[in-house]
Amino acid sequence: MTAPPKASLSVPVNIQTAIMRSPGIPLPFYRYLYRQVGARWHWVDRLRMSDEELTALLHNERNDISVLYVNGAPAGFFEYFRQDDDTIELSHFGLIEHALGLGIGKWFLLQSLYAIWTLNPQRVTATTNNLDHPRALQLYQMFGFSPVSTGEGIVRPLSDKELLELVKKA
């Protein structure tokens, strides 16, 4: 994406929303969001990180996380990483199950992109693959992204031992 989105969407009626930046996000809360949003899309990489590795990544000054709240409850998040002065990667974006079907997905993605473009990058990147929502690529293209390559995602499920370790960290 090399220009801000031109689209404008309003929040669906009868839904209270708030998007809050979360600098210094606590690891258990981040893991909760990551797991709730990413479970159906097979997100596991960050769940496998040690506390030290995850802290270094999340609390890096070039990383930014914002949480979506719907009717008072966490409902999703987006995360971006400033690779350099010109490029920002939308590294994670998604909704928690209870927020699906409310008509806020497109609006939330647009808010994510607006937040990124306030930093005046030359380009914004995002990665999706066959493990993501079937319409993810179409949605990204609707807001101005252009595909540059294709690839297949690989499912690497968490082992029972890894799941037990996650429970202990919560």
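Helix α1, residues 27-38, packs against helix α2, residues 51-58, at an angle of about 85 degrees, and their axes are 11 Å apart. Because 65 to 115 degrees counts as roughly perpendicular, α1 is roughly perpendicular to α2. The axes are lines fitted to C-alpha atoms, for helices over the stretch in contact, with angles from 0 to 180 degrees between N-to-C directions. From α1, the contact uses L27, Y30 and R31; from α2, D51, L54, T55 and L58. Contact here means heavy atoms within 4.5 Å.

A word on the source. This is a predicted model, where local features need pLDDT of at least 70 and side-chain atom pairs count only at pLDDT 80 or more, while totals for chains, interfaces and linings use all residues. Residues are numbered from 1 along each chain as its sequence is written, and side-chain values use heavy atoms, leaving out hydrogens and water.

Next, the sheet. Five strands make an open, mixed sheet in the order β1-β2-β3-β4-β5; strands pair if DSSP finds at least two bridges between them. Helices (H or I, at least four residues) and strands (E, at least two) are DSSP runs, numbered from the N terminus. β1 (17-21) and β5 (123-126) are at the edges with a single partner strand each, so one side of each has no neighbour in the sheet. β3 and β4 are antiparallel, over seven bridges, and F77 stands opposite G94 in β4. Helix α3 packs on this sheet, touching β1, β2, β3, β4 and β5.

Last, L109. Which residues does L109 touch, not counting those up to four places away in sequence? They are L90, F93, L139, Y140 and F143.

Terms used. Parallel < 35°, antiparallel > 145°, perpendicular 65-115°, else oblique.
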